[in-house]
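Dear colleague,

I am passing on a structure that may be new to you. Please open it alongside this message, so that each place named below can be found as you read.

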Amino acid sequence: MVRLAKGFVIAGTALLLTGSHVPYVASSALATVGVAPERTSAPELPRTKVDIPELTTEGRTIHVPAGGNLQKALDEAESGDRIELDPRATYEGPFRLKAKEGDRWIVITSSAVPPKPGHHIQPSDGAQMPKLVSADHYVVIAEPGAHHYRLVGLEITSKAGSFVTTMVQFGADETSADAVPHHLIVDRCYVHGDAKTGGRRGVALNARHAAVVDSYLADFKEVGADSQAVSGWNGPGPIRIAGNYLEAAGENIMFGGADPTIPNLVPADIEIVHNHLAKPLRWKAGHPTFEGIEWTVKNLFELKNARRVLVDGNLFEHNWPQAQNGFSILFTVRNQDGGAPWSTIEDVTFSNNLVRHVAAGINMLGRDDNHPSQQARRIAVRNNVFLDIGGTWGNGRLFQLLDGTSDVTFDHNTAFQTGSILFGGDHAPHTGFVFQNNIAQRNEYGITGSGKGEGTETLTHYFPEAVFRRNVIVGGNAGRYPSDNFYPASIQEAGLAIPREGDFRLTLVRPYSRAATDGRDPGADLDVIAKALDGIPAAGLRPRTTAHADVMGTIGTLPWWPGSRLVFWFSIVLLGYVYLGYPVLAALRATLMEKPRRRAPIEPTVSIIVIAHNEADRIAPRIENLLALDYPRDRLEIVIGSDGSTDDTVQRARRYGDRGVIVRAFREHRGKPAIVNALVPIVRGEIVIFADARQRFDAGTVRALVANFADAQVGAASGELLLTAEGGTAAAGHGTAFYWRYEKFIRSTEGRVDSTIGATGAIYAIRRELFETIPEDTLLDDVLIPLRIVRRGYRVVFEPEARAHDTASATARQEFVRKTRTIAGTFQLLSREAWLLNPVSNRLWFETMSHKVLRLALPMLHAAFLVSTAALADAGLYGLMLAGQVMFYAAALIGATQRQTQRRSIVFTAPCAMCLLIWATIVGFVRFITHRQQVTWERVPAPARRDVAA
């Protein structure tokens, strides 16, 4: 059996790993097409920036209740005043912001606490916001000279069924720069058109010192006309657009598009950073979610008249041909109506962005081909990733330059496109062109221009004296292109991985690695882009730790099997550490480094929240159990949250209303996080205990939990869940009971040193004041909530005297569903809460890596252990190891078949549970990356009970 296993594994692995050859490398040091001087015309960055001050109030607070006169309050407000509106109240406009004396901010906001700054709000936040509506051409307009107004935490939209041209109009047709409104901020607002009729424009920034930050702009769409989330054409700047979600059918962001009424005006000093710009696929004809209306779709970002623009750290996605040809980014200078011949695009930096799922990449126009204009010049496209360009989205052309641009640079970009790399047009040539250190695929045409051959011929004619060097042109023909570039046959030969959504390697193998003009790798620096996009969850871009390119190149040329000993010892050491080493080390740390914890018999007010979905058969016994707890009834609140129950759960729970039980029924089945978010802010307890419907608490559980909060450093306390494996329970369930005892031991030792990594969802308590709203699709709320409390400097402790009782899973499927959900939730947690992986930010970093992260690697470690052992099995030790693994998996198989017997041995149930965990890790990862793990719980029915022989 050992020889058979060895032969099978080696043969299969060898088939996968063999077959590499030395790539072609152009040897000449000539860096240019022709002879060109070094380029020094880098674009100028914005000269001035918009300051976003802290939200403070120096004057009066004016409260406008629901139904009150907001325009009157705006008219009477003075510099420094704060106008507060009722949450969820609707105020019908339009509203005018007038010029006033003074330079202190007038803040218009909610009387409730607005969402935290630092990332864009969600539409769900809008339900709690004051709403400004109008059926006019605008909802809010700033009059000429109006200044120092800040809109914070507001929903701004059209009256239901109305089409509003511009939701927020900052300036329009002023004729001098001094007359435009200035110092205006839209901050953490939900600005949107009507879901059915749309809207033309979200925010018009024809102003000075204006900004849109941390906001959500959506449903700007129209048939037969352009629509934008943000646009500007008559404002001198500076302008800041930062941290937003921006959605529009025409152009998500556009500057230009109409002639300025201020002579010689070019919008300038514009920062567009850290935004997510997208078009929803429900607008795309042919997509399964298409809603039936083909709105006028053009591009994601367009400049027609602008200078000194920084576009950095943004996510651009979803663009297709409809009213335009599918290019997603346009730098196309336009004297739009013929009255602004000074129009130009100059000094633009497009850097550290991710552009994906679009028909084509960037289109540039040197001069307007309809009316006289200035030349587009000094544009740098640096360190960007272009992913999934073309294919099902459109033609796939990466870059296009038309009609004579000047000083355009493409440097350190990586692209995975299906069309050509660069098209040079058919008219005026492009001067000062630099194309260096990029990675792209030739595909069918590579670099071409009208009437000229591919490669050098096109470059010579359309890009005279261009700098074209140190690029990796995958599939290119070295004879057609300049020297001092690289032409691997495939991306695999270059060392690049096949692109996956947010998961691909950009590390090159030799000779391409470190071959750029600056000594780095050609292509984009993924770490820099991931950092620039940090905080945009939709980006999903995470840098992958890869070996040094030299080492990777060497490994690719060596036989596989001599490295098997390294793989063997690496995997066995890590497996030993995960299963045994860390628990032992945790126990040792708890003995030597135990942190004192104060407990006292205190009696704070306590709210127990039980979230139930279709628990009619359990809810009454559960409430009886809670009513019997040893805790003063006047200090104990029991709240039942029905998560869209369709059975008698609500009715049965309400029978206990006369005994003080509160029932909150939610119509939609949204999952536990949404109900937690809704209930925690409204309960009255200083301490909140989370519980499920199926468990039972010991009488002294509440007292045991709250005793820990006598210590001011304790922010959360987790109780102990005791699992009982009953007759008829599958082997996985018996193994789970053993595994749970093992897990509790680790949590207990962690809590004695500092804090546990998460809590037991069936029984844990927190200080209500420390609760932070969590995303509604969170899978592991019982880990995320405690860890955020840890982040704020508090401890999360384990309390073994607070006990909840439950039965182990009756079937392997029940246990598998539970584990899969937990694993998918762990991947979700680590992908969203990146601070957990930072030893500087996370004081529990060692515990996180040892207890959570390494467990996610178990499938890979077990596979590496098995394969390397099979390769080395001729030696005595390795042969015994392989035999031991075969016995282990055989025991797991036997354990899985022991469903109908009561006598079960840990020899079989423990391997069964471990293998179930390994497989659940794989399935959980797949569900995470494919977004198929539901936030709502998937109940698996237990089998009918049977009488079995002893």
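What follows is an account of what was found, taken topic by topic.

Please keep in mind throughout that this is a predicted model.

I begin with the sheet. Twelve strands form an open sheet with parallel pairing, and their order is β4-β7-β10-β13-β16-β19-β22-β25-β28-β31-β34-β37. The edge strands are β4 and β37, the latter covering residues 447–448, and each of these two pairs on one side only. Within this sheet, strand β7 (residues 138–142) and strand β10 (residues 166–170) run parallel and are joined by four bridges. If you look along that pair, you will find Ala142 standing opposite Phe170 in β10.

Two cis peptide bonds deserve a look as well. One runs from Gly93 to Pro94, with omega near 25°, and Pro94 belongs to the loop that lies between β3 (90–92) and β4 (95–97). Another runs from Gly237 to Pro238, with omega near 5°, and Pro238 is found in the loop between β16 (228–232) and β17 (239–242).

There are also residues other than glycine whose phi is positive. Asp269 has a phi near 55°, and its place is in strand β20, which covers residues 268–273. Asp269 has a relative accessible area of 8%, and is therefore buried, the cut-off being under 20%. Asn437 has a phi near 65° and sits in the loop between β35 (434–436) and β36 (439–441). With a relative accessible area of 0%, Asn437 is likewise buried.

The last topic is a pair of helices. How are helix α8 and helix α17 oriented where they pack? Helix α8 (residues 564–592) and helix α17 (residues 858–871) pack at an angle of about 140°, and their axes are 8 Å apart. The two helices are therefore oblique to each other, since an angle counts as roughly antiparallel when it is over 145 degrees and as roughly perpendicular from 65 to 115. The crossing in which α8 passes α17 is left-handed. On the α8 side the residues that meet α17 include Val567, Phe568, Phe570, Ile572, Leu574 and Leu575, while on the α17 side Leu858, Leu861, His862, Phe865 and Thr869 are among them. Sorted by class, the contact of α8 with α17 has 13 nonpolar and five polar residues, and no charged ones.

Methods:
Residues numbered from 1 in each chain as written. Predicted model: local features only at pLDDT ≥ 70, side-chain atom pairs only at ≥ 80, totals over all residues. Heavy atoms only, no water. Axes fitted to C-alpha atoms, helices over the stretch in contact; angles between N-to-C directions. Parallel < 35°, antiparallel > 145°, perpendicular 65-115°, else oblique. Left-handed = near helix turned anticlockwise from the far one by under 90°. Contact = heavy atoms within 4.5 Å. Nonpolar A, V, L, I, M, F, W, Y, C, P; charged D, E, K, R; others polar. Buried < 20%, exposed > 50% of the residue type's maximum accessible area, 1.4 Å probe, protein only. Pairing = 2+ DSSP bridges.
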